[in-house]
Amino acid sequence: MPTPLYKLVVLLLAACLLPCAAQAQAPSRPRIGLVLGGGGARGTAHIGVLEVLDQLRVPVDCVAGTSMGALVSGAYASGLTSQEMLVRLGQVDWHDLFDDNPSQMETNYRERRLAETYYPGLEFGVTDRGLRMAHGVVGGQKIKLFFNTLVGSDRGERKIENLALPLSILATDIGTGNKVVFRDGQLSEAMRASMSVPALLSPVPYRGMKLVDGGLVDNLPVDEVRARCNAEVVIAVDVGSPLSRPEDVDSIASVTGQMINVLAQQNSVASLKLVGPRDVYIKPNLEGITAADFTKFREGAARGRAAALAAADKLRQYAVPVQDYAAWTARLRGPLAPLPRVDDVRIAPLAYVNPENVARHIEIRPGQQLDTKVLERDLARIYGDGDFESVDYLMQVAPDRNTLLINPVEKSWGPDYLRFGVSVEAGDKQNDFAVRGAYHRKWINSYGAEWLSGAQLGERSNLFTEFYQPLDPRQRFFVEPGAGVSRDRLRVYQDDQRIAEYILRQKNVFLNAGINLGVYGQARLGWLYRKLDTSIETGPPTLPTGKVTLRGYNALLDLDQTDRVFFPSRGWFASANYFRSPGLGYSRLGVDLRAIHSWDPYVVNARYYYFKRFDGRLPLGDAGGLGGFLTLSGYTRNQILAGDIRFFSVRGERIIGRMPLGLSGDLRAGVSLEFGRARERFTETHLEGWQQAVSFYLGGDTPLGPLYFGYGQAKGGRHSVYLFLGLP
């Protein structure tokens, strides 16, 4: 019997609706929150975990990160793959990244000279609230610029709220101890704040707060992803550092590190209580990798990969089909925007630094395409002027106009400073000690006038004051008056025996006019008045004594393109000083030339020094000197005083170690070959012809300045042991 028509219709509808009902009842993919915890360099393990998630096709709906986890999560949410992250980390010089100071080649000339005499780290600001210092060993200047390029801020503003993946970055308000969660705002700023390890990295000012490492309050922010995207499943990656043994906590740095680890561990324990049976908890084995081992980033990533693969069975249940994962990654990793054209360059408002002085360093002009490397070099030069805590930028991209905003942040402890320096010289023939201090006022007027006054106590003592007045806002031309008094001890040698000691007292007044030659150096021409008073203290009066007054013209040229003040690895240096006193018919010239080149880990340093009296009578206090470590080693400092000197040396060094992160410099073993000839000698009058010397030494930059320990031997069996620490 044929089926009634209405029954046939009902059967057909049921056939169509049953699959739809079954599909509607099928369980949907759970919302997944990814948590990347803090742990310094141990956080590079996150990159390996992300690689496995990608291989297994596990998408996430939101991500939260703390400290190093903030860096990786920020890069991930901005579209970088795990392999791209490894490539970018491989391009980083980690020691340089944690050293705010730009290459000396990009540093203001006056700042270079100050760094030769006074410790940059002992810069005390004189403020109406008393003495103030920098807020951390590292200001984070280079770190912030690295974050900018890592997440693409040089191609336009990267705001957290505009990312394809909901992102939360955690920091700590050091003023209240409260947790601060970035869910909007500038991405690189949030990353920088979350990584501000107290005492190492300066806090980040933000909306009236000062933000530091988020690990102090929430090192594993499980609750944040629960709230941010209502995550039903949490994948939590814990890379926290274990506590050090009590016997290993034996310094200020280790106590600070242990304190941070204690706080991070305590709040991580609380977070782990929120991890349920559906969640995936990954704790890579990172034994042997410390929070400071950033150079082990590949090993850290491999450890993270291994830990994620060990949890692959549990992760695999949250995988999605190929086409669904491809659609998810396409939203996350859109095409990279080209570098924008710059239509306008603006400088953020400043309190005391003249904006034109900042603008002189910016070479990018309206109408040009942004060149990130050129921009970062220009920012390094601005920072190298010594007036700023940080120098950042913001690329504001709009449909009709792109604005490059330069944002220098003036030192909160400036612009008036107290500066200090120490020098220690010990050996088997001579010991010297000096301590010095100065008061330095900057930006006395809108052209950038400076007043520097100071004193030194020791074998060589002095008292001085000088004023530096630029003549235009960009400080191309300047005048420089100054005055000082000094007292020095001259040791007189004959046949390698000290036979007398003289005291040289000097008063001087000068007025220079000069030109700043960009970042290369200065040229100065001026008038100099010097009054020399030489008297004998012990021994026979073999040398002229009495008072001599020198009045005349002084010309100086200083060019410096070495990459460091001490222990440079590349560059060149040239200095020349000519003085003529018409009244005495006396003139002299001194020239110092140096060239440095490196073939890592080897460094070669060549030097030529020339000193010549041309006419008139050379005063004892104006004589050139030879002798001392690296200038005819084996002799004592200035053991040979003369009116005509030629000196040449070549040094070979091998870099055998580096200072920890946050401290600049390296440790070197070296050998020096030295050749010198002196005519018109006041001392060591029996030395004829060229003298040869060789020295062997260990040396390096330290927080107290350059350190040398060496042995030198010169022709004729002369030898000396040297120890130097501090600033010359």
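## Stop one: a buried charged pair

Select glutamate 123 and lysine 411: both of them are buried. Keep in mind as you click around that this is a predicted model. The two side chains form a salt bridge, with the closest N and O atoms 2.9 Å apart. Glutamate 123 sits in the loop between α6 (109–117) and β3 (124–127), while lysine 411 is in the loop between β13 (403–410) and β14 (416–427), so this pair ties together parts that lie 288 residues apart in sequence. It is one of 55 salt bridges in the model.

## Stop two: another salt bridge between loops

Now pick lysine 442 and aspartate 387. They form a salt bridge too, and here the closest N and O atoms are 2.9 Å apart. Lysine 442 is in the loop between β15 (432–441) and β16 (450–458), and aspartate 387 is in the loop between α15 (372–383) and β12 (388–396); the two are 55 residues apart, so the pair links distant parts of the chain.

Buried or exposed: which is lysine 442? Its relative accessibility is 3%, so lysine 442 counts as buried. Aspartate 387 is buried as well, with a relative accessible area of 3%.

## Stop three: a strand meets a loop

Next, select aspartate 666 and arginine 564, whose side chains meet in a salt bridge at 3.0 Å, N to O. Aspartate 666 belongs to strand β27 (residues 666–681) and arginine 564 to the loop between β21 (546–560) and β22 (571–581), so parts 102 residues apart in sequence are tied together. Colour this pair by accessibility if you like: aspartate 666, at 2%, counts as buried, whereas arginine 564, at 23%, counts as partly exposed.

While you're on salt bridges, select Glu459, Arg489, Arg491, Arg498, Glu501 and Glu537 together. Salt bridges with shared partners join these residues into one network.

## Stop four: the disulfide

How many disulfides are there to find? The count is one, and it joins cysteine 62 to cysteine 229, with the sulfurs 2.1 Å apart. Cysteine 62 is in strand β2 (residues 62–66) and cysteine 229 in helix α9 (residues 222–229), 167 residues apart, which makes this another link between distant parts of the chain. Look along the S-S bond: the torsion is about -50°, so the disulfide is left-handed. Cysteine 62 counts as buried at 0% relative accessibility, and cysteine 229 counts as buried at 13%.

## Stop five: two helices crossing

Show helix α2 (residues 45–56) and helix α11 (residues 297–310) as cartoons. Their axes come within 6 Å and cross at roughly 45°, so α2 and α11 are oblique to each other. The crossing of α2 past α11 is right-handed. For the side-chain view, select Ala45, Ile47, Gly48, Val49, Glu51 and Val52 in α2; these meet Gly300, Ala301, Gly304, Arg305, Ala308 and Leu309 in α11.

## Last stop: isoleucine 640

Finish in strand β26 (residues 640–658), where you'll find isoleucine 640. Isoleucine 640 is buried, with a relative accessible area of 3%. What is in contact with isoleucine 640, leaving aside neighbours within four places in sequence? Its contacts include Gly624, Gly625, Leu626, Leu632 and Tyr635, along with Ala678, Arg681, Thr683, Glu684 and Leu687. To try the distance tool, pick the C-alpha atoms of isoleucine 640 and proline 619: the two residues are 21 apart in sequence and 15 Å apart in space.

Notes:
Residues are numbered from 1 along each chain as its sequence is written. This is a predicted model: local features need pLDDT of at least 70, side-chain atom pairs count only at pLDDT 80 or more; totals for chains, interfaces and linings use all residues. Side-chain values use heavy atoms; hydrogens and water are left out. A salt bridge is a side-chain nitrogen of Lys or Arg within 4 Å of a carboxyl oxygen of Asp or Glu. Helices (H or I, at least four residues) and strands (E, at least two) are DSSP runs, numbered from the N terminus. Buried means under 20% relative accessible area, exposed over 50%, partly exposed in between (1.4 Å probe, protein chains only). A disulfide is a pair of cysteine sulfur atoms within 2.5 Å. Axes are lines fitted to C-alpha atoms, for helices over the stretch in contact, and angles run from 0 to 180 degrees between N-to-C directions. Angles under 35 degrees count as roughly parallel, over 145 as roughly antiparallel, 65 to 115 as roughly perpendicular and the rest as oblique. A crossing is left-handed if the near helix is turned anticlockwise from the far one by less than a right angle, and right-handed if clockwise. Contact means heavy atoms within 4.5 Å.
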